[in-house]
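Work through the following exercises with the sequence and the model side by side, and try each task before reading its solution.

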Amino acid sequence: IEMAVAGFTKDDIEVELKDGTLSISGVRPEDEREYAYKGISSRKFSKSFRLAEYVVTDGADLVDGILVVNLRVDIPEEKRPQKIKIGS
């Protein structure tokens, strides 16, 4: 999953996986300066994703304003398809 989070630092963003739901939220500390316009980089946000069964997170990185959450499918061995030899 890739998400644009320009203006946020890794300390401003929280990524949590609970009961199959991946939640990403961001809150920036209040800035004392006065602006004519504040863009999205100054607002708090929250986004949730329901992950499929057996999908787990493999870490997250923040590079150039893009949050990348690495996901992978981790199917237990007993649930994987098995090949059966003919004539055995």
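The model is predicted, so local features are taken at pLDDT of at least 70 and side-chain atom pairs at pLDDT 80 or more, while totals for chains, interfaces and linings use all residues. Residues are numbered from 1 along each chain as its sequence is written, and side-chain values use heavy atoms, without hydrogens and water.

**Exercise 1.** Find out whether Asp-12 is buried or exposed, and which side chain of opposite charge is nearest.

Solution. First locate Asp-12 in the loop between strand S1 (2-4) and S2. Asp-12 is buried, a label for under 20% relative accessible area, with exposed meaning over 50% and partly exposed in between (1.4 Å probe, protein chains only). The nearest side chain of opposite charge, Arg-28, is 4.1 Å away, and Asp-12 has no salt bridge, which would require a side-chain nitrogen of Lys or Arg within 4 Å of a carboxyl oxygen of Asp or Glu.

**Exercise 2.** Identify the aromatic pair and describe its geometry.

Solution. Rings of Phe, Tyr and Trp (its six-membered ring) pair if their centres lie within 6.5 Å, and planes under 30 degrees apart count as stacked, over 60 as edge-to-face and the rest as tilted. The count comes to one aromatic pair. Phe-8 and Phe-45 form this edge-to-face pair, at 5.2 Å centre to centre and with 85° between the planes. The pair links distant parts of the chain, since Phe-8 lies in the loop between S1 and S2 and Phe-45 in strand S4, 37 residues apart. Phe-8 is buried at 8% relative accessible area, whereas Phe-45 is partly exposed at 23%.

**Exercise 3.** State where Tyr-54 and Asp-64 are placed, and give the phi of Tyr-54 and of Asp-64.

Solution. Tyr-54, in the loop between S4 and strand S5 (55-63), has a positive phi near 70°. Asp-64, in the loop between S5 and strand S6 (66-73), has a positive phi near 50°.

How values were computed: Helices (H or I, at least four residues) and strands (E, at least two) are DSSP runs, numbered from the N terminus. Lys and Arg count as positive and Asp and Glu as negative; His and the chain ends are not counted.
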